[in-house]
Amino acid sequence: MVTTMQGRFTSRLHDERVASWLGIALGVSILVSFATGLVSHFMQQPAGWMQWPSRPVNLYRVTQGVHVIGGVATVPLLLAKLWTVYPRLWQWPAVRSVLHAAQRLLVFVLVAAALFQFVTGVLNIAYWYAFRFFFTTAHYWTAYILVGALLIHVSDQWAKARRTVMTRPQDAVGRRGFLLTVAAASGAVALTTAGEAVTPLARLAVLAPRRPGTGPQDVPVNKSAAATGVTATARDPAWRLTVTGRVSREVTLSLADLHALPQHTARLPISCVEGWSVEAAWRGVRLRDVLRLAGVAGDATVRVESLERYGLYRSSEVDPPHWRDPLTLLALGMNGAPLALDHGYPCRLIAPNRPGVMQTKWVHRLVVA
């Protein structure tokens with residue numbers, strides 16, 4: 001005899017129809033998060049054959065905004081789905097056959113991976129690293145486990161879910177109200193987070209860790225000069241920018257030399273992996289103009305190095321599509337003022353369609369390969 005202890009779970013919301021609708025919505029959300037997450041991962045760690053385009057300018061801003069804001073908005077869906085199906089955890093006997101055991105193990109992996117992804121994801125965007133492992137690597141590989149388990153679960157349950165959804169229930173009022181409440185909760189979470197990337201909604205962004213208009217020169221910062229230990233070296237009058245590596249001639253430029261070169265302005269966003277983004281007016285020297293002074297070949301790759309001594313993102317690679325783009329600058333100013341120290345003074349990289357961690361600050365060397 002199989003029982004789910006129905007006497008303890010009397011709500012009609014613990015049924016297959018509600019679970020199916022929530023499962024469909026949750027599955028779509030997870031797949032969207034997975035796809036946009038892959039964009040972020042491979043922009044930061046591209047395979048050897050990959051070269052991301054520099055246009056459209058806001059591609060990464062949109063995909064990462066959807067990834068983070070959509071991911072946060074999925075949390076109510078996940079909680080509602082778990083609440084709907086948790087009576088099945090109390091089925092007895094716990095295992096009825098080898099196939100049933102495999103199905104339950106798959107559900108366990110699916111639930112565990114989903115909880116891991118969403119809990120650590122929320123902690124990451126809140127800058128609260130309560131875990132010892134490297135978030136990016138763990139988040140990336142767990143995503144494959146989650147999506148793999150999801151696809152197997154969908155293939156196993158699709159016929160039942162389709163049949164359940166297509167069947168007209170006798171009493172749909174309570175179920176409809178519950179589903180609308182969950183949808184409203186997800187919408188409210190999205191609305192109160194989206195302002196970190198959608199400037200007109202900034203005043204509503206009470207759940208966002210960063211908001212447009214906050215920080216030096218009205219742009220937020222994740223890393224300050226003091227936190228990275230570059231305050232003294234960045235302010236040193238002897239600072240120089242060096243272009244070296246596979247060049248026709250090495251070039252060394254002072255800050256005054258950079259200001260003497262043709263100056264250009266570009267409106268580009270800083271788009272952070274945590275989901276926030278802010279557009280600013282950047283002014284400086286085109287990176288391609290500096291590289292041409294050194295006689296750099298058109299197919300070269302450039303490593304932009306920061307004054308930071310430590311950290312995974314103290315340098316970044318700039319491929320030809322980006323360094324040849326006229327919008328890619330070695331910025332010396334922002335929003336009509338000299339570049340603030342926390343934004344990368346005396347010189348920083350700003351390029352279209354790149355994650356914020358790759359917009360290297362406090363630049364002092366360009367190494368051409």
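Which of the 30 residues in the largest nonpolar core touch the most other members? In this predicted model, local features need pLDDT of at least 70 and side-chain atom pairs count only at pLDDT 80 or more, whereas totals for chains, interfaces and linings use all residues. Residues are numbered from 1 along each chain as its sequence is written, and side-chain values use heavy atoms, with hydrogens and water left out.

The residues in question are Leu-258, Val-290, Leu-291 and Leu-366, a nonpolar core being a set of buried Ala, Val, Leu, Ile, Met, Phe, Trp, Tyr and Cys residues joined through side-chain atoms within 4.5 Å, where buried means under 20% relative accessible area, exposed over 50% and partly exposed in between (1.4 Å probe, protein chains only). At least two residues of this core come from each of β1 (241–245), β2 (251–253), α9 (287–293), β5 (302–306), β7 (329–334) and β10 (363–368), with helices (H or I, at least four residues) and strands (E, at least two) taken as DSSP runs numbered from the N terminus. A second, separate core of 21 residues includes Val-18, Phe-118, Ala-143 and Val-147.

Beyond its neighbours within four places in sequence, Val-290 is in contact (heavy atoms within 4.5 Å) with Leu-241, Val-243, Leu-253, Leu-258, Leu-261, Val-285, Leu-330 and Leu-366.

Thr-252, which is found in strand β2, is partly exposed, with a relative accessible area of 48%. With neighbours within four places in sequence again set aside, Thr-252 is in contact with Arg-240, Leu-241, Thr-242 and Asp-257, while Thr-252 and Ala-294, 42 residues apart in sequence, lie 9.4 Å apart in space, C-alpha to C-alpha.
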